[in-house]
Amino acid sequence: MSQTTAKQATTINVRVDSDIKHDLEILLDKLGMNVSVVVNMFFRQMLMDEALPFQPKVRHKRLTTEERLKNYGGDYKTEEWDTGEPVGREVF
């Protein structure tokens, strides 16, 4: 009589912002998956490639319009749009 043994699963605990978890669960439900399936896929892909399945990058903070205007040294003229709020031409 042949006996197959199932691989023993282990638990990994990860802390995630509740908003991210909620949005992720909604997305994964639409895809017919759950977090465990996706984490297993992620780990298996790492093992196959012996690398992360994406390239980590350092992104520079994107400046707001106000921050860009504070750093802008040239002339800056504003116009009135039909909203009545002053706006300016794109400076960058």
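## Elements and model confidence

Helices, of at least four residues, and strands, of at least two, are DSSP runs that are numbered from the N terminus. In this predicted model, T11 lies in the segment before helix α1.

The protein chain has an average pLDDT of 81, and 73% of its residues score at least 70. Among the elements of the chain, the highest mean pLDDT, 95, belongs to helix α2 (residues 35–49), whereas the lowest, 56, belongs to strand β1 (residues 78–80).

## The largest pocket

The volume of the largest pocket is about 680 Å³. Two elements, α1 (18–31) and α2, each give two or more residues to its lining. Helix α2 contributes the most, with eight residues; this helix is also the element with the highest mean pLDDT.

In total, 20 residues line the largest pocket, and those nearest its centre are I12, V35, S36, V39 and N40. By residue class, the lining comprises 11 nonpolar, five polar and four charged residues.

T11 and S36 are separated by 25 residues in sequence, and their C-alpha atoms are 9.7 Å apart in space. S36 is one of the lining residues that lie nearest the centre of the largest pocket.

Notes
Residues numbered from 1 in each chain as written. Predicted model: local features only at pLDDT ≥ 70, side-chain atom pairs only at ≥ 80, totals over all residues. Heavy atoms only, no water. pLDDT = per-residue confidence, 0-100. 1 Å grid on protein atoms, 1.4 Å probe; cavity = no way out; pocket = protein on both sides within 12 Å on 5 of 7 lines; lining within 4 Å. Points joined across faces, edges and corners; volume = space filled by probe spheres on them. Nonpolar A, V, L, I, M, F, W, Y, C, P; charged D, E, K, R; others polar.
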